[in-house]
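Dear colleague,

Please find below the structure that I am handing over to you.

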Amino acid sequence: MATHDNHLNGETDTNSNTHLAKKPKLSSPSSFITLSEIQSEFSHHDPAIARINNGSFGCCPASIIEAQQLLQLDYLRQPDHFYFNNLKPGILESRTFIKQLINAHHVDEVSIVDNATTAAAIVLQRVAWAFAEGHFDKGDVAIMLHYAYGAVKKSIEAYVTRAGGCVIEVQLPFPVNSTDEIVHEFRKALERGKENGRRRVRLAVIDHITSMPSVVIPIKELVGICREEGVDQVFVDAAHGIGCTDVDMQDIGADFYTSNLHKWFFCPPSVAFLYSRRSPSCLDLHHPVVSHEYGNGLAVESAWIGTRDYSSQLVVPKVLEFVKRFEGGIDGIKKRNHDNVVEMGQMLAKAWGTNLGCPPEMCASMIMVGLPASLGISSDLDTLKLRTHLRGNFGVEVPIYYRAPKDEEVGVTTGYARISYQVYNKVEDYTKFRDAINQLVCDGFTCALLSK
């Protein structure tokens, strides 16, 4: 198992004249975090719930919560001193750590925002201005995946469609068998977008890991295709990225990339970063909340949007200390989470006689598992009702996806559970879910009964 840690490299960034902290060393094998310590760090979780849905809200260890509370008290004790002396240097320190984590060229490429939805608004707001100011023509195209996150779809509607842009969705298959299927559909959507050369594709919005259904997208290959086909800019929505899959800005090559730090990187909610490549075409980004720092660059604007709690942004260095307590650091955590979620997914699929939603190599720390057809899942509403039933009657928290059958399909799996695996999870969480579904099947349960 790899034990390298590339968070910081101890060098001085001559471009920013900011001295970077020395590379944090991984713990020695004798001092790695123990199982009992992990359980203590997450003892605030409800013990009655099999929490196999880390993907939605993430998790935060007790030691990080304590560090955050100390920051909050430090602010409340003397707000003026905190604002004038601690806030800006603290956020710069967090940005510097993130810069190293994601292998960005320069700390100025990294802004800290509330969440990936805020980051999407920042990028898409700029597109709306380009239409309004005549830089883009009415009917120019933005491309997004059909499985894009719902809030991002709404943002595209609000900023791009309303401004006169044409939005084309990449129709992805599910279940998916290979990355080739995704690449094929993406190329087809680009061809539709160009429409015999009369329109330009101004922006491609691509998920790194789709939310529902959850699949790892071949992001580097799709970015390369965008470059070949003359797409102006690429924005990667990686809400689940950092801490869940490999994130390297120089390798991926996108213009914009965002990821939450509170989902898979143990930060308290809510905090995310937005990477913006240093190039003339990526300038003129602004935070949607305009405050005193407007015009001083996105990173500075985002660091002060008025009086609020900035502690989740300031605690990032403490989170890195927590992560390096694990063997292999964040890379070790990612690998173990992936291996475990695949094992648990295969166990569930075998128990129910169903299938996984994608090959193991196309998932990270989440995987889709088919549910028995006898449950009668026939709508999105059914998935919500079943999820509520599992929570209230069996103590299982898991999101469920409805996959509508195609016209010619009969007897296919229409319901898929998205299971997550994080360091606090145990095998018992998944056997509890398995047994709950088996009990429902044995009892002759169908979703239709929940409407009565």
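The term pLDDT denotes the predictor's confidence in each residue, on a scale from 0 to 100. The model is predicted, so local features need a pLDDT of at least 70 and side-chain atom pairs count only at 80 or more, while totals for chains, interfaces and linings use all residues. Residues are numbered from 1 along each chain as its sequence is written, and side-chain values use heavy atoms, with hydrogens and water left out.

The protein has an average pLDDT of 91, and 92% of the residues score at least 70. In residues 1-27, however, the pLDDT is below 50. Where pLDDT is low, the predicted coordinates should not be read in detail.

Helices (H or I, at least four residues) and strands (E, at least two) are DSSP runs, numbered from the N terminus.

Three strands form an open sheet in the order E11-E14-E13, with antiparallel pairing; two strands pair if DSSP finds at least two bridges between them. Strand E11 (366-370) and strand E13 (400-402) stand at the edges with a single partner strand each, so one side of each has no neighbour in the sheet. E13 pairs with strand E14 (residues 415-420) over three bridges, and glycine 415 in E14 is the bridge partner of tyrosine 402.

Yours sincerely

Terms used
Contact = heavy atoms within 4.5 Å.
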